[in-house]
Amino acid sequence: MIRSVATALLLTVAMPAAAETIAITHATVATGDGSGPIQNGTVVIRDGRIVAAGQGVAVPAGARVIDGTGKWVTPGIVAGFSRLGLTDVSGGAAGANDERADKSPFNAALDVAPAINPNYQPIKVNRADGVTRAVVAPQAAHNIFAGQGAVIDTGADMDPITKARAFQFVELGETGAENAGGSRPSAYVLFRNALREAAELTRFVNPVSSSAAGEPDARLRPIQNPNESRLYSRSADRSQDVLLTRFDAAALVPVLQGRQPLLVHVERASDILNVLELAREFPRMKFVIVGATEGWLVADQLAKSGIPVIASAMNDLPASFEEIAATQSNIGRMRAAGVKVSIGMIDDDESHRDFYERQYAGNLVALQKIPGATGVSWGDALAMITSKPAEAIGLGGEIGRLSPGEHADVVIWSGDPLEVTSGAEQVFIDGVQQPLDDHQSRLLERYRYLQRTDLPKAYRP
Amino acid sequence: MRFPAIAAAAAVLLSACAATPPPAAPAVRINDDPYPSTYVRYPGVLTVIRHATVFTGDGQQINDGTVVFGNGMIQAIGGPGLPSPAGALEIDGTGKFVSPGIIDIHSHLGVYPSPGVEANSDGNELTDPIHADVWAEHSVWPQDPGFSRALVNGGVTAMQILPGSGDLMGGRSVVLKNVPGRTVQEMKFPGAPYGLKMACGENPKRVFGSHDHMPQTRMGNIALDRETWAKAVAYKHEWDKYYAKGGDMPKRDLTMDTLKGVLEGRILIQNHCYRADEMANMIDMSKEFGYHITAFHHAVEAYKIADLLRDNNICAVMWADWYGFKMEAYDAIPQNIALVHNAGACAMVHSDDPNGIQRLNQAAAKAMAVGQRAGIPGLSEAVAWEWLSRNPAKALGILGVTGTLTAGKEADVVLWNGDPFSDYSRPERVWIDGAEMYDANDPHKRPVSDFELGQPGEGDVK
């Protein structure tokens with residue numbers, strides 16, 4: 001609200017419709033920064049942002065006070081890797097699924113942002129369980145590049161996009177090999193060639209600052225998506241030796257320049273090392289590894305690289321030949337080695353059940369009691385589903401913590417949120433209290449009692 | 001087989017000109033169990049667990065409870081005053097919980113094993129919608145690493161392995177003890193009846209209809225089912241006559257053999273069915289042809305007809321919170337299990353998933369808690385445990401020997417390192433028939449499948 005409208009538009013940040021000043025008092029508070037829960041804490045929200053969280057925080061005059069006695073308060077869950085909002089029904093319902101485009105001529109250029117439907121039930125169901133933001137990735141169809149993902153909020157409004165084109169997503173493991181025509185070598189050649197084609201297009205860049213110096217030609221204006229200038233440039237001849245469409249090559253320019261993170265899905269230890277090698281070869285690029293089921297085998301190298309990892313929490317099956325060494329201790333061991341690791345839903349009903357992340361986080365805590373296993377502390381586990389994925393995607397300091405100035409995504413839980421027996425009782429996104437009803441809650445009301453009544457069920461509330 | 005049939009035919013011919021017909025050749029009984037279990041329980045020691053919170057599995061909770069088992073059997077259950085037999089191993093269960101082993105009534109371990117490569121995909125014979133002739137046990141790969149994960153992380157001591165749901169009749173299930181074996185016979189639960197997997201809804205009509213093969217619609221599903229049941233009734237009649245009077249042995253049909261077993265009550269119907277309206281149709285069909293449906297699996301709309309399920313003595317097998325992954329799962333609600341239970345019907349959780357099977361206790365915890373928050377009465381941890389062992393055992397026809405901690409039953413027991421309704425708890429020790437199959441504190445008490453030998457992470461905690 002304090003930001004100018006222009007700034008808000010530039011950042012495409014969902015602004016609160018009715019942000020209040022709220023103080024949640026006497027609650028068990030965990031800020032999501034890796035620290036443990038604080039007893040008798042207070043959280044203050046104003047103008048859609050966190051003002052303060054902790055003990056001894058003063059309640060501002062005029063604030064709506066919510067007594068949090070017996071409750072837990074945390075940042076909203078940030079689904080570290082998901083397909084939330086891209087689909088209502090996954091299978092057998094054409095039209096309700098935008099996860100992948102099997103017949104599209106494009107790949108890297110695909111942008112999920114326009115597909116997000118905030119009215120889809122999975123957004124509501126996840127919101128009702130305390131998921132307030134999600135990293136949303138497209139699915140690769142017939143190329144190693146899947147396209148550009150977004151960060152969204154789950155608020156009950158028509159403005160779900162926190163950040164469009166927040167990252168590019170590429171498959172470089174088994175799926176990448178298959179999509180590249182059948183082998184990893186093919187995937188790597190495709191990858192290098194794509195970067196070559198993008199590099200060729202960088203010659204046609206129009207500096208972003210030129211927008212401030214007047215806009216002589218709207219078609220050349222580096223608008224929200226600076227790649228478009230490369231599409232329209234009159235001098236943008238390309239060599240004959242190209243595989244990518246101009247759209248796709250242009251979409252990879254910000255990746256090449258390190259302005260857009262590249263999320264790379266790999267699981268196998270040797271594939272992870274290949275990505276680390278790519279990171280050395282292309283030092284400007286910002287790599288984020290997704291999956292990393294065998295990450296614990298190369299945890300030291302991963303830690304040294306500084307590359308963030310968004311991992312599956314509970315993979316412990318050799319479900320494929322790239323996951324032979326799977327163990328639930330993977331994240332704990334990577335964390336212990338100093339890897340910046342967070343939790344994502346990778347090929348795990350990520351369009352619907354992102355709310356499983358808090359269960360998984362709790363299960364990682366449980367590993368601390370298993371001899372030979374490596375778990376994580378409660379504070380770390382919460383950070384892995386709040387601040388850590390936000391940091392991995394470049395939104396650290398904006399979302400994921402109850403820290404002054406961050407988006408006021410706050411959940412009041414009936415108890416410890418890492419216990420599945422706890423539920424989200426009140427959810428705030430950008431400081432706005434959210435409705436928690438959905439198709440499921442309405443069905444519950446309708447079928448709570450089965451006694452025959454004077455009119456069929458269809459006439460009941 | 002051929003000689004008695006020829007002899008019988010000859011007898012018929014002779015009878016035409018004889019005053020008193022010679023007796024027909026006596027019937028030869030078909031072996032109903034040609035692939036018998038060779039499971040033999042492993043040795044155990046007389047064991048007493050004291051000072052634990054005990055869920056008996058039939059709705060009871062004993063604080064500071066004592067559990068005694070030996071010779072493969074539960075010997076006694078009680079409070080702190082229960083005496084220890086001489087020479088028993090004493091385990092201090094202070095702060096810990098004891099429960100019956102979890103039973104997953106819906107698993108595809110072994111038939112869709114890890115690694116999930118094409119060469120290992122043996123779960124569904126999608127060459128014809130009626131495949132009651134195939135038996136899941138002939139696909140089970142005993143070396144699936146998933147069995148061990150279900151044991152050590154999930155506390156699962158028995159499970160039903162089902163064929164997939166692409167067929168209307170997908171074949172026979174097999175019930176296994178979760179004990180590693182070289183052969184599936186070494187894992188088969190002795191005496192457990194077979195199940196027949198049937199499927200309603202989207203899957204069969206999609207799999208076959210997309211190839212312009214019947215069924216293409218839900219009405220096609222039912223029509224083909226009815227046609228098949230009508231044949232099965234005639235087949236059974238033919239065999240009943242043969243067994244009663246002898247004579248020519250009817251021609252055997254392996255699909256019809258299975259359906260005859262259903263009509264005789266020897267084989268239990270395990271029916272994949274999501275929607276309330278389809279379940280009602282299946283119930284009517286079972287009455288039309290004279291069989292009983294034991295359980296509806298994935299019954300995401302069971303809450304809409306919980307009364308109908310109760311009145312027809314049919315169990316509902318449910319997820320805690322899966323929803324929306326297909327159209328027929330659109331009306332799934334997390335209170336489903338609690339509502340079905342509350343209506344007096346038989347409710348249980350299941351996994352259908354090699355990961356979910358490792359956390360069924362947490363699935364029950366979710367279902368209980370969400371039910372409590374909705375104000376559904378009568379829910380407690382002890383009651384919710386019925387969804388994890390007692391009710392699955394009932395729906396598998398093995399409640400007489402397992403599923404609850406009851407003296408005289410098989411000692412399928414889990415010692416949890418905390419409350420199993422908490423995310424922070426895990427199995428510490430697991431016994432099957434009184435033999436310790438897992439001990440978190442002993443790396444040698446952790447099964448490792450053949451597939452994992454020599455691989456990175458062999459013998460690791462998983």
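Visitor: How many salt bridges join chain A and chain B?

Guide: The count between the two chains is one salt bridge. Please keep in mind that this is a predicted model.

Visitor: What makes the pair Arg333(A) and Asp460(B) a salt bridge?

Guide: The side chains of Arg333(A) and Asp460(B) meet at 2.8 Å, N to O. The cut-off is 4 Å between a side-chain nitrogen of Lys or Arg and a carboxyl oxygen of Asp or Glu, so the pair qualifies.

Visitor: What else is there between chain A and chain B?

Guide: There are 30 residue pairs in polar contact between chain A and chain B. On the side of chain A that touches chain B, the elements giving two or more residues are H2, H11 and H14 of chain A. H11(A) gives the most, with eight residues. By class, that side of chain A has 30 nonpolar, 19 polar and nine charged residues.

Visitor: How much area do chain A and chain B bury between them?

Guide: They bury about 4,800 Å², and 55% of it is on carbon and sulfur atoms. Leu317(A), Gln440(A) and Arg448(A) supply 13% of the area that chain A buries against chain B, more than any other three residues. As for contacts, 58 residues of chain A are in contact with 59 residues of chain B.

Visitor: Let us turn to pairs inside one chain. Why are Lys388(A) and Glu391(A) separated by about one helical turn?

Guide: Because they are three residues apart in helix H13 of chain A, about one helical turn separates them.

Visitor: Why is Lys388(A) called partly exposed?

Guide: Its relative accessibility is 29%. Buried means under 20% and exposed means over 50%, so Lys388(A) falls in between. Glu391(A), with 38%, is also partly exposed.

Visitor: Are Lys304(B) and Asp331(B) buried or exposed, and how do you know?

Guide: Lys304(B) has a relative accessible area of 16%, and Asp331(B) has 15%. Buried means under 20%, so both residues count as buried. Their side chains meet in a salt bridge at 2.7 Å, N to O. The pair links distant parts of the chain, 27 residues apart.

Visitor: On to the cysteines. How do you know that Cys200(B) and Cys273(B) form a disulfide?

Guide: Their sulfur atoms are 2.2 Å apart, and the cut-off is 2.5 Å, so the pair counts as a disulfide. The link is left-handed, with -95° about the S-S bond. Cys200(B) has 5% relative accessibility and Cys273(B) has 0%; with buried meaning under 20%, both count as buried.

Visitor: Why is the disulfide of Cys315(B) and Cys346(B) called right-handed?

Guide: The torsion about its S-S bond is about 90°, so the disulfide is right-handed. Cys315(B) lies in strand E13 and Cys346(B) in strand E14 of chain B, so the pair ties together parts that are 31 residues apart in sequence. Both Cys315(B) and Cys346(B) are buried.

Notes: Residues numbered from 1 in each chain as written. Chains lettered and ligands numbered in written order. Predicted model: local features only at pLDDT ≥ 70, side-chain atom pairs only at ≥ 80, totals over all residues. Heavy atoms only, no water. Contact = heavy atoms within 4.5 Å. Buried area = accessible area lost by both parts, 1.4 Å probe. Polar contact = N/O pair within 3.5 Å; in protein donor to acceptor, adjacent residues only side chain to side chain. Helix = DSSP H or I, 4+ residues; strand = E, 2+ residues; numbered from the N terminus. Nonpolar A, V, L, I, M, F, W, Y, C, P; charged D, E, K, R; others polar. Buried < 20%, exposed > 50% of the residue type's maximum accessible area, 1.4 Å probe, protein only.
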